[in-house]
Amino acid sequence: MQTRPLGTTGPQVSALGLGCMGMSALYGTADRTESIATIHAALEAGVTLLDTGDFYGMGHNEMLIGEALRSAPAARREQALTSVKFGALRGPDGEWGGVDGRPAAVKNFAAYSLQRLGVDHIDVYRIARIDPGVPIEETVGAIAELVEKGYVRHIGLSEVGADTIRRAAATAPVVDLQIEYSLISRSLEQSILPTTRELGISITAYGVLSRGLISGHYTRDRQLTANDFRSHSPRFQGENLDHNLDLVESLRKIAEQKGVTVAQIAIAWVLSRGEDIVPLIGARTRERLTESLGALDVTLDDADLAAIETAVPADSAAGDRYAAAQMATLDSER
């Protein structure tokens, strides 16, 4: 497995990470046995970075990863690096209650994550969204204290803009920013990516297949359950969906010419953006994992990249990546 660095001071990680959220929440029902088998298969293939959030299924995802790590061979378990997001508040019925970035809350969240994961440290720890009532310096400072005590190895950020990145990095060393990045979600290219590169901060890119929209497997007639995030996502609605799937068909022509799948060419495009970018693949099954890992064997030359740019230009997607209320919480979009 190819590797890439997390920032200038962080660890080497596999060129593709595994985003485990869909195994517990927001994408309909998942099979627990298949989820654990998929994590095991990813580790066996050389994937080292496992990404989660303490609010994914209200702790379910962390416990799932913990179970997968305990039942994995020792050599594979030892290679695993955990990336954890915290701060999003949930109610018993799953309702969202804002974000808590207070220092005392940061340490509380970390204590529970360590227990659920069954580990003695978290490799990269980051607040999922900034708390508008708490300066980022205080939140990052609290993570830095956890680093000093050995409970966290590295500080990360998630979905924040250039100014917040600078303020956080001035407080303590930051190795990585997690943010959505795909062929149809490219807003970070304007000011965020230049800032992270200036400061030596890497990107872990989630949503590289735009929640399955540009995977090549999503169809216009697909019926979504009420607990599937996509049933409320603007890009999956009505005319927006029709337009976006037309983009996918344009991409499919290029993929077929290269003898690869749409998902593989979409992931390969993110990989091509720079050695400082680590795509997170959200595979929930071993079949999808195998397909995604095939992107590592796809080489895109200048002609391929130009063709992809023509087929799916920047800002060509219809609809925002989140509903309006959620977009308003994204410091990265301000």
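M327 is buried in this predicted model. Its relative accessible area is 17%, and the cut-off for buried is under 20%. The residue belongs to helix 12, which covers residues 324-327. Which residues does M327 contact, once its neighbours within four places in sequence are left aside? They are D320, R321, Y322 and E333.

Now go to D100. This residue sits in the loop that runs between strand 7 (96-99) and helix 4. Is D100 buried or exposed? D100 is buried, because its relative accessible area is 11%, under the 20% cut-off. The side chain of D100 has a polar partner: a polar contact of 2.8 Å joins it to the side chain of R102. Other contacts come from further along the sequence. With neighbours within four places set aside, D100 touches G87, L89, A105, F109, I127 and D131. Of these, A105 and F109 fall in helix 4, which spans residues 103-117.

Two packed helices are described by the angle between their axes and the distance between the axes. Here helix 2 (residues 60-70) and helix 4 (residues 103-117) cross at about 40 degrees. Their axes are 7 Å apart. An angle under 35 degrees would count as roughly parallel, and 65 to 115 as roughly perpendicular. Helix 2 and helix 4 are therefore oblique to each other.

Which residues make this contact? Helix 2 supplies E62, M63, I65 and G66. Helix 4 supplies S113, R116 and L117. By type, the residues of the contact are three nonpolar, two polar and two charged.

Most residues other than glycine have a negative phi. M58 lies in the loop between strand 4 (49-53) and helix 2. M58 counts as partly exposed because its relative accessibility is 43%, between the limits of 20% and 50%.

S210 also has a positive phi, about 50 degrees, although it is not a glycine. Its place is the loop between strand 11 (202-206) and helix 8 (238-258). How does the accessibility of S210 count, buried or exposed? S210 is buried, because its relative accessible area is 2%.

Note on methods: Residues are numbered from 1 along each chain as its sequence is written. This is a predicted model: local features need pLDDT of at least 70, side-chain atom pairs count only at pLDDT 80 or more; totals for chains, interfaces and linings use all residues. Side-chain values use heavy atoms; hydrogens and water are left out. Axes are lines fitted to C-alpha atoms, for helices over the stretch in contact, and angles run from 0 to 180 degrees between N-to-C directions. Helices (H or I, at least four residues) and strands (E, at least two) are DSSP runs, numbered from the N terminus. Angles under 35 degrees count as roughly parallel, over 145 as roughly antiparallel, 65 to 115 as roughly perpendicular and the rest as oblique. Contact means heavy atoms within 4.5 Å. Ala, Val, Leu, Ile, Met, Phe, Trp, Tyr, Cys and Pro count as nonpolar, Asp, Glu, Lys and Arg as charged, and the others, Gly among them, as polar. Buried means under 20% relative accessible area, exposed over 50%, partly exposed in between (1.4 Å probe, protein chains only). A polar contact is a pair of N or O atoms within 3.5 Å; within protein, one must be able to donate a hydrogen and the other to accept it, and residues adjacent in sequence count only if both atoms are side-chain atoms.
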